[in-house]
Structure formats: C-alpha cells, structure tokens
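The following note sets out points for a colleague who is examining this model. Please read it with the sequence and the coordinates at hand.

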Amino acid sequence: MSNSRIAVIGAGLMGHGIAYIFASAGYKVALHDAHAPTLESAPRRIESLFELLGTDKAGLANLEYHADIATAVANADFVFEAVAEKPEVKQAVFAKLDECAPVNAILATNTSAIPIREVGKVVKKQQRVIGTHYWNPPHLIPLVEVVQAEFTSQDTVDRTMALLTGVGMSPVHVKKDIPGFIGNRLQHALKRECIALVANGVCDAETVDKVVKEGFGARLAVIGPLEQSDMVGLGLTLDIHKVLIADLDRTPGPDPFLVEKVAKGETGMAVGQGFRKWTPEQAAEVRTRLNKFLVDAARNKAKRS
Ligand SMILES: NC(=O)c1ccc[n+]([C@@H]2O[C@H](COP(=O)([O-])OP(=O)(O)OC[C@H]3O[C@@H](n4cnc5c(N)ncnc54)[C@H](O)[C@@H]3O)[C@@H](O)[C@H]2O)c1
C-alpha cells in the first residue's frame, strides 16, 4: 500500500490539504488543477501546511504538479477528485479519469452533496468509484466518510479504508449513497432545531450557541450521542423521546426564517450580520479560536502517534 501512487485533481481549499496528507506520509502525489494560478500557488500553500504542523519538509519532494490531467493520473493507484461542486464539472473529470487513469485505479470523489452514483455514471468500470468525504480543513480533521454507492465493490471500500487508516486519517464506512452521508445529516438535523428555536422566539442565537458549547457539546468530542445514551440507559432516552420527539421541528423545507435572512442579505460574518451581529474583530476572533483549537488537536495527535 505504501508504494501506492496518489493523484489529486483540484488544488483548491480541499485538494491542497489532501495532497499534503499523502505527501507528508511518504506517498508520491501528483496534483493537477485546471486553473494555472491555483496550480502555481499550490507548492507554497502545501509548504505552509508542513510548517504549520511541524512536519518533515523532506515530504515536499513527494509532490509533482501537472497542468495536464492525463499525465497527473497516468500512473495513479488512487485518484482523489476535489474540483468544483457541480455535477457536470465532476462528470467531465471522471470521464477523463476513465480514459486516462490505469484501469484498476480507485477513483474517489470528495463531493459534499452530489450522489456518488451521479458522479460515477460516466465511468465504464464503476466498481472502482467511491466517495471520500473529507472535512475542512482535511489536514486538521481526521474523519473521512467513505461512501459506497450500489456499484462500488467491497474491495474498493477495503482498499480505500486501509489507505486512509495508514496515513492517520479516521475513515468510516457509509454503506448507502444518501444525501449528506452521516456527518452533514447530523449537523443539519441539529441546525434545523437551532433555527426553529430562534425563529419561534424561545431564545436568541447567542443562547443556542452557548447551550451547545457549554452544555452537551462540551462532551461531544469524547463521547458520542449513542455512547452517551448507552451510558445513561436507553430507558431514559425512550422516556425523553416519548415527550419530546413529537414537539421537535419538522418544517418540510428550509425554515422561512433562514430563507428570509438570506433574501435580506444577512448572510453571516462576511457582511456583519447573520443569525448574530458580527464586527470584523469578533469574526476574526472566532476564526483564530477555531484554527488554534484544530491545530493544537492535530499537533497533539501527531505527538501521540
Ligand atoms: N470547502 C469545504 O468546506 C468542503 C468540505 C468537504 C468537501 N468539499 C468538497 O470538495 C470539493 C472541492 O471544494 P473546495 O472547497 O476545495 O473548492 P475550491 O474552489 O477551493 O477548489 C476547487 C478547485 O478545482 C479546480 N477545478 C475546477 N474545475 C476543474 C477541472 N475541470 N479540472 C481540474 N480542476 C478543476 C478549481 O480551479 C479549484 O482550484 C467540492 O466538491 C466540495 O463540495 C468542500
């Protein structure tokens, strides 16, 4: 496996982080982007990740940069696609991979929302097509959702899981090609209720965030919701659900409160107003706090391993 050659298509926010993950772990990585300035800036952006995480810069020598997709994938064992989130763009890339990558190479898409079956339908040997949903930033967040479409073979799943585990990522097997996979379904189920609480005047947005961060969120990184249910006993979870479930928000589409905010241009930190008001300093403080937390966690993990 460690001799596997990796190609990454798309050198943007996600692609350069994915390239770093494999290059820093000793794999040969060929990176391609169709946009010349993005490809030109990729070496410097990847080098800065080596600096950020204190990784041995000898790994930089594992990287090659290709303006031509065909040469980037010519010898690949695994191809990770991280181009724009548009079905037609991803399908055009996969048609090219079908033509240019070795016939046994695994072809993985980092799509957030497009069904894997849609991305892979242009490929002849579809059992090698799979979803690998990394989280942003991929070099700091270890989870990867490995999504098996109906056509994806078990061998493709096993090889992908083994590759990701070998470079220190935490892959999980998503056995059905469903919208949002696992993580975004959970995240947006929570957001739906958060928005409804504010829209219905129960509390303001600051309070929702405080309840999550200083309440049950404080333990979420060390104990998952189902572990926690098992810990307190399923009888308690059932009793609470008997009272609560029917009362939870079931708005069938996006909440009108959210729709109205977007229509008014209140789209978040970038404009100073979203669910909450933001000064540029407050917005910068949140970004710094998040980045420091994730970098510290990644450095601590690297020290332990
Ligand atoms: N940003 C996130 O938080 C996040 C998280 C998980 C998954 N994703 C998914 O990852 C993928 C990439 O997202 P991103 O945030 O890195 O986007 P991005 O815009 O930063 O990067 C996409 C790159 O793809 C390149 N590109 C576009 N068409 C191309 C083509 N035909 N051939 C080669 N390169 C091409 C662009 O030039 C750009 O550099 C998307 O599918 C996105 O949904 C993003």
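**Notes on the fold and the ligand shell**

1. Strands β1 and β4 pair in the parallel sense over four bridges. Two strands pair here if DSSP finds at least two bridges between them. Helices (H or I, at least four residues) and strands (E, at least two) are DSSP runs, numbered from the N terminus. Ile6 stands opposite Phe78 in β4.

2. On the basis of the work: this is a predicted model, in which local features need pLDDT of at least 70 and side-chain atom pairs count only at pLDDT 80 or more, while totals for chains, interfaces and linings use all residues. Residues are numbered from 1 along each chain as its sequence is written.

3. The chain has 13 helices and eight strands. The eight strands form an open sheet of mixed pairing, in the order β3-β2-β1-β4-β5-β6-β7-β8. The edges are held by β3 (63-66) and β8 (170-174); each has a single partner strand, so one side of each is left without a neighbour in the sheet. On average, neighbouring strands of this sheet are turned by 25° against each other, direction ignored. Axes are lines fitted to C-alpha atoms, for helices over the stretch in contact, and angles run from 0 to 180 degrees between N-to-C directions.

4. Strand β4 (residues 78-81) also pairs with strand β5 (residues 106-109), in the parallel sense and over four bridges. Within this pair, Phe80 stands opposite Ala108 in β5, and Glu81 stands opposite Thr109 in β5. Both faces of β4 are covered: Phe78 and Phe80 on one side, and Val79 and Glu81 on the other, are all buried. A residue is buried if 20 or more other C-beta atoms lie within 10 Å of its own, exposed if 12 or fewer, and partly exposed in between, with C-beta atoms placed from the backbone.

5. Helix α1 packs on the sheet and touches β1 (5-9), β2 (28-32), β3, β4 and β6 (129-134). Its direction makes about 165° with that of β2. Two residues are in contact if their C-beta atoms, placed from the backbone, lie within 7 Å.

6. How many of the six residues of β6 are buried? Six of the six are, so β6 is largely enclosed by the rest of the structure. Val129, Gly131 and His133 point one way from the strand, and Ile130, Thr132 and Tyr134 the other way. β6 pairs with β5 in the parallel sense over three bridges, with Leu107 opposite Val129. With β7, by contrast, β6 pairs in the antiparallel sense over four bridges; the bridge partner of Gly131 in β7 is Val147.

7. Around the ligand there are 25 residues, of which Gly10, Gly12, Met14, His35 and Asn136 come nearest. The elements that give two or more residues to this shell are α1 (13-24) and α4 (87-100). A residue is near a molecule or strand if its C-beta atom, placed from the backbone, lies within 6 Å of it. The shell divides into 13 nonpolar, 10 polar and two charged residues. Ala, Val, Leu, Ile, Met, Phe, Trp, Tyr, Cys and Pro count as nonpolar, Asp, Glu, Lys and Arg as charged, and the others, Gly among them, as polar.

8. The peptide bond from Asn136 to Pro137 is cis, with omega near -5°; Pro137 is found in the loop between β6 and β7 (143-147). Phe181, although not a glycine, has a positive phi of about 50°. Phe181 is found in the loop between β8 and α7 (183-199) and counts as buried, with 21 C-beta neighbours inside 10 Å.

9. Gly166 is found in helix α6 (residues 154-166). With 15 C-beta neighbours inside 10 Å, Gly166 counts as partly exposed. The C-alpha atoms of Gly166 and His188 are separated by 30 Å, the two residues being 22 apart along the chain.

10. On overall dimensions, a compact globule with 305 residues would have a radius of gyration near 19 Å, and the chain has 21 Å, which agrees. This radius is taken over C-alpha atoms, and the globule rule is 2.2 Å times the number of residues to the power 0.38. The C-alpha atoms of the chain fill a box of roughly 55 × 45 × 45 Å, taken along the principal axes. Buried residues make up 28% of the 305 residues in the chain. Among contacts between residues at least 6 apart in sequence, 65% join residues at least 24 apart.
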